Amino acid sequence: MSYCTGRATLTRLAAYVAHCKLFEAKTQSHPGHNLQVLRRYIKLSCFHAGVSGKQTVLLVHEDLGEEGLYDIASIMAEGTAPGLYSETEIQDIVGQLLPGGVQTKKVEKIEQVFNKYIKRIKQNLHVIVCLNYKGNNFSTQVNALHNKLQKHPGLLKHCVCIDIFLPWSFKSLAQVAKTWLQDNKSGVAVPWNPQHSNEQLEATANAMAFIHLSSKTAIERQFCHQREPLRIFTPLTFLEFVHLFKTIAAFLVKTERAKGKKYEQALNKINEAFGSIADYRNEVSDLVPQQMSAARQVTDLVAQVESSKQNYIKALEQCKIQEETIYQLQNPLESLRQTAQTEFDKVNPIYQAAVKVLDNLDLNSVEELRSYPSPPDGVKFVMKAVCLLFNKPQTWEGAKALMVNPDFFQELIFYKKDDIPEPIFQEMKKFVNDPSFVPESIAQASSAASSICAWIHAVYAYSTIQRKMKPRMKDLMEAENKFTQAQAQLGQFRVEAQQIKTNLEQYIDQHKEAIKVAKAIEKQIQAVEKKIARASNLMDNMSMQHFLWRSELKKTRKQITCAPGDALLTAACVAYHGPLDDKSRLDLIQNWLELIKQNTLDAQTYEECEPYSITAKLEFLKDSISQHEGHVDSDDQSESGGDANDNNFSLIKQTCPQVKTFKYISAVYDSSKYYRSELKRQGTMESVGPEQEFIEDDDDDDENVILPTRPNLTLQDILSDFDELSEWLMLNLPTDLHSVQNALMMRVCCHNRKHCWPLLIDPDNQAEMWVKALHKSHNIFTQKDVADFVVDDDIPYDESFFKSEDAEDTSRPPPSRETMLTYNLTESSQYSYSRPNTRGRQSQHTADTEELLPVTSVTNSWDNYSLHPDTEIDLPSSNLWVLEADDPNINSRLINAIVHGVTVLITHLERRPLDPLFRGLLLKQFYVDKDGNKVVRVGDMVFNYHQNFCLYLSTSVPLFVKGDGLYSFPLNRVCVINMAVSDEAIINRLMFETMQVEKKEFEGQRRSNENDIILHRQRLAREHEIIREKTLNLTGPLLDDKTMLDSLLACQTNVEHNRQILQETRFMGDHLEEKFAHYTPFVKHSAMLYNVIGKMSVLYPCYYLPFYKFVEIFADVIRSRDRGKGSVGAPQMRAQELSDAVTHGVFNYARLMMFQQHYNLLALIVCLERMLRQHKTNNKELSLFVNGCQKLGLNDVSLAEQKPNWMETNTA
């Protein structure tokens, strides 16, 4: 019932499972060949079923033409068709059926055998016819299928069953998306939020289903005038959408992580510097108490030193006083000493002489004395005196006892003569006074006794003097004691003074050491504070970079979180925005964004937004038939209220598809200029200042969104950058949003879509310049760039390379879709093809797999070619070949481009389509040979595929223009991109033409202004980039780099300089805009005229007016009204004058090419547009006017309320 529902794929699978040979005729590029191809495959299938007697399936598509259905109906009814076989073919068939292949000319025999052939065909041939529902939501061709069946009733009469294949429903699409999103065999994992992965997976699957169905509805709305729906968005497009989503999401995360890593490393350097500053301050905090302690210690030591000094002074004074006291005691003491000494000097010689005598005595002298048994009287008398001195008995025995001592004489010498007791002294006096007790008398008896006698006299004399001197000696002793005490006191004072001095010296040394320590700590603090001051100065000058990097890091983290949502919308734009105009694109993206924020991209929302889509209608019809046996009472539904942007639908009955009504869309869309807004944008690098503080954004809104997206999401944010966009602007490429997005979709389609190349609908000849610009782009990424592990892009191995030609083929699975078919041709074909083996599970019950290979006509070529690539070619400087489709050498040049990696742009495909041999290339059916090389099949030939090869297809005819000599395109096998000029581009070009006449210097000033803005924005970015790279390349800490501060100061100077220039340049830009502000309404009016004429081409293709022709008309009118410089007059009046002139010129041109009725309709639409622009009406009222009051199902009361004042009641 509808295209792209899996009918053909399911038929191939069923034929394979049932062991039936499949024959399938494909639509040819030239419609005149379709019937010929169909009849040939009818004969092939009939021959296989009738002659071989094997089960055969013939798959027929309605696209082969109406005439072919007559033959198919005949085959289903009779087993043959009129005029199908020639006489020669009948003879060959009969010869094949007769035993031994015997030829016969008998008519009866031939008829008999041929009837047997027909019977076997009826038994073995299964015919499957695929009919399409050709209507769409917005066309009146809802009865096309019924009319076709009325023309060919045999299709119903002779069919076994009728299967209605519905388009994939919302639930089916969501389930398929969910399955493919969970499949990680490609190595590309979707970066879900770990905390909400299941919710995001479910939401993404539903969103993809919604986007696919809403995009199909948008296509149907845009091309509602087409009698047959355009087969642009298919289930394969949906799978490509899923693949693009995964690739773009992984690319975004990889890119943002790489950026975030740089910012993290740079911020780590800054954080390390701040940590060092904190350490320095902690060090100072630790040193300050030490400094205070050292200062206190110095103070204490100063006090101690001063105290010790005072004590030392006092001690010295005491010593001085004591010395004076000693000095006063010394003179009397000396006098006493001298007196005593004088007295003792008198006796000392006698005593010394006696001692000397004694000292001369020896043991013999003692022995002599001791040897007397009866000593002489003199000796005895002397020894009695000796016994007296030693307080011994005064007997000879007592004397002998003393003399026994060996040291007897020594005891005499050291006798204590100062301590002789008084009694002993009185007794000794008697001895001394005795006349006989003289040494001379005693010497007669013994010389030793004489010496002892002399000694006794000396001792007595000494003792006598000593006793005389005793009072004096007492005075002397007292004086001596006083003197000694005074000296002792002085010594103590001196010791104490010395101790005090020692302590003082220690205190002084400690004071000096404490001062050194304090000074060292102070120097250390000063050094650290100097470091802190330098580091703080460096960080203060780096505050701009710090804020910028923190902002960018937060932005990258935010964008990583938003990666699934951003990738979803980006992939949706790439997959579905291509064929749409700028109005439909903007409506879709705004709708998707709003529903994503509301978390309402689900089946219910789709049914509420698009309740009358084909899918909904067919599903409703199926449910109604099953539940109510084919009859359901219908309820009239109407929609009232809402704003001017709401769709107004009309539904009379729900049992069959109805015509959807329109909302009136103005001819000129008020779209903003991307580059102008881009040039005016003041991003972080411009607005950030050192005084700003980092403010955390409020993410509460995003927390409630399952799939958050970045603010103001555009394709440029995801797929390009400012440098590339600026380069395009400076290359004078179109700067409107539509053109830029087309370029980005071209690039992504060429490098990231797996099954198609871009087809550029290029009526204004923009393709070549964009292909040249994209060819040099650096923003190219592929699946391999983002895959977690190395994959081969799902390219199957061609096992035919791994076996010999004589090897038997193994069993092969059926093709999964139209992109992996085997092409076996009959003898009428020019080539013999072999089917590339695919990997997968194979049937174990296939008896003769070679017999079951399907036969199709997709690679049949109507010409013979000898395609051989050149070994060497001269590569163009831009590595781009622009080939026209009708170039006689296009096939050979295309082969050379494939082998040598040249980018090819094939233009004017409306003149001649590509040869069917290149169908595998168009579908990107690549294989890997046994050497691991990527190859592509072209017919029966295999060529190496160079990785740099890219293919762009273009046509200069819009999709809606049909006519003889214009070839159609298989839109479901290419990525259609509508490169027609947008409203924004129209306004820009018309404004340019106006200014060329009114203010010729304007364009040069504007271009210079834009280039200056780009230059200084790039310089701003480069200044920050230099600091970031310098920071990242530091081998040591940031604070240790001596040149960083100079670099920062230079950066600040340059940034401030560029900011000032940017402000001045933007001010000049605003001043320039004021010069053409008065012409803007006029230019928009002219753009409206062009768009209205474009709408008229729906009525008749010849009304199509190329934009360059409208520009010629516009420029001629403007130049004809040129008054010269200085005579323009008031700008408003001048603009009105030009507007009237352009309107008059355009209507004069339209009158010449349009029928009067259509010309009147043109005038009506222009009037409605002018009313809309003058706010005399709105879109809702115009929708009511265009659709008619009766279609809306409103009653009289409601109608009176809804009807605007300027509309009459009977308006239909």
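Start at Phe-949, which is buried at 2% relative accessibility. This is a predicted model.

**Stop 1: an aromatic pair**

How many aromatic pairs does the structure hold? The count is 21. Trp-757 and Phe-949 make one of them, in an edge-to-face arrangement. Now colour the chain around them. Trp-757 belongs to the loop between α29 (737-752) and β4 (758-761). Phe-949 belongs to the loop between β10 (941-944) and β11 (950-955). The two are 192 residues apart, so this pair links distant parts of the chain.

Next, select Tyr-1090 and Phe-1107. These rings are edge-to-face as well, at 5.3 Å centre to centre and 75 degrees between the planes. Tyr-1090 sits in helix α38 (residues 1080-1096) and Phe-1107 in helix α39, so their pairing ties together parts 17 residues apart in sequence. Are these two residues buried or exposed? Both Tyr-1090 and Phe-1107 are buried.

Then pick Phe-233, Phe-238, Phe-241 and Tyr-576 together. Ring pairs join these four residues into a cluster.

**Stop 2: charges over rings**

Select Trp-881 and Arg-893. The charged end of Arg-893 sits over the Trp-881 ring, 4.6 Å from the ring centre. Move on to Tyr-263 and Arg-1028. Arg-1028 lies over the face of Tyr-263, 5.1 Å from the centre of the ring.

**Stop 3: cysteines**

Show the cysteine sulfurs. How many disulfides are found in the whole structure? The search gives zero. Cys-750 is in no disulfide, and its nearest cysteine sulfur belongs to Cys-950, 3.5 Å away. A disulfide needs the two sulfurs within 2.5 Å. Cys-750 is at 5% relative accessibility and counts as buried. Select Cys-130 too. Cys-130 is buried, with a relative accessible area of 3%.

**Stop 4: salt bridges in helix α36**

The salt-bridge count for the structure is 29. Select Arg-1006, Arg-1007 and Glu-1010. Arg-1006 bridges to Glu-1010, with the closest N and O atoms 2.7 Å apart. These two are four residues apart in helix α36 (residues 1001-1032), so about one helical turn separates them. Arg-1007 also bridges to Glu-1010, and here the closest N and O atoms are 3.8 Å apart. Arg-1007 and Glu-1010 are three residues apart in α36, again about one turn of the helix.

Which of the residues here is partly exposed? Arg-1006 is, at 22% relative accessibility. Glu-1010 is at 13% and counts as buried. Arg-1007 is buried too.

**Stop 5: a salt-bridge network**

Select Arg-1121 and Glu-1137. Their side chains meet in a salt bridge, 4.0 Å from N to O. Glu-1137 lies in helix α40 (residues 1131-1153), whereas Arg-1121 lies in the loop between α39 (1107-1120) and α40. The partners are 16 residues apart, and the pair links distant parts of the chain. Arg-1121 is partly exposed, with a relative accessible area of 39%. Glu-998, Arg-1121, Arg-1134 and Glu-1137 are linked in a network of salt bridges.

**Stop 6: a nonpolar surface patch**

Select Leu-1099, Tyr-1100, Phe-1155, Leu-1161 and Leu-1164. Together they form a nonpolar patch on the surface, with about 440 Å² of accessible area. Zoom in on Phe-1155, in the loop between α40 and α41 (1156-1173). Phe-1155 counts as exposed, at 52% relative accessibility.

**Stop 7: positive phi in two loops**

Select His-19. Its phi is near 60 degrees, a positive value in a residue other than glycine. His-19 is in the loop between α1 (7-17) and β1 (21-24). This residue is partly exposed, with a relative accessible area of 30%.

Finish at Asn-391. Where does Asn-391 lie? Look in the loop between α12 (377-389) and α13 (396-404). Phi of Asn-391 is also positive, near 50 degrees. Asn-391 is exposed, with a relative accessible area of 65%.

Technical notes. Residues are numbered from 1 along each chain as its sequence is written. This is a predicted model: local features need pLDDT of at least 70, side-chain atom pairs count only at pLDDT 80 or more; totals for chains, interfaces and linings use all residues. Side-chain values use heavy atoms; hydrogens and water are left out. Buried means under 20% relative accessible area, exposed over 50%, partly exposed in between (1.4 Å probe, protein chains only). Patches are made of residues with over 30% relative accessible area and no salt bridge: like charges are joined within 9 Å, nonpolar side chains (Val, Leu, Ile, Met, Phe, Trp, Tyr) within 5 Å. Accessible areas come from the Shrake-Rupley method with a 1.4 Å probe; for residues, only the protein chains shown count as cover. Rings of Phe, Tyr and Trp (its six-membered ring) pair if their centres lie within 6.5 Å; planes under 30 degrees apart count as stacked, over 60 as edge-to-face and the rest as tilted. A charge sits over a ring if NZ of Lys or CZ of Arg is within 6 Å of the ring centre and within 35 degrees of the ring normal.
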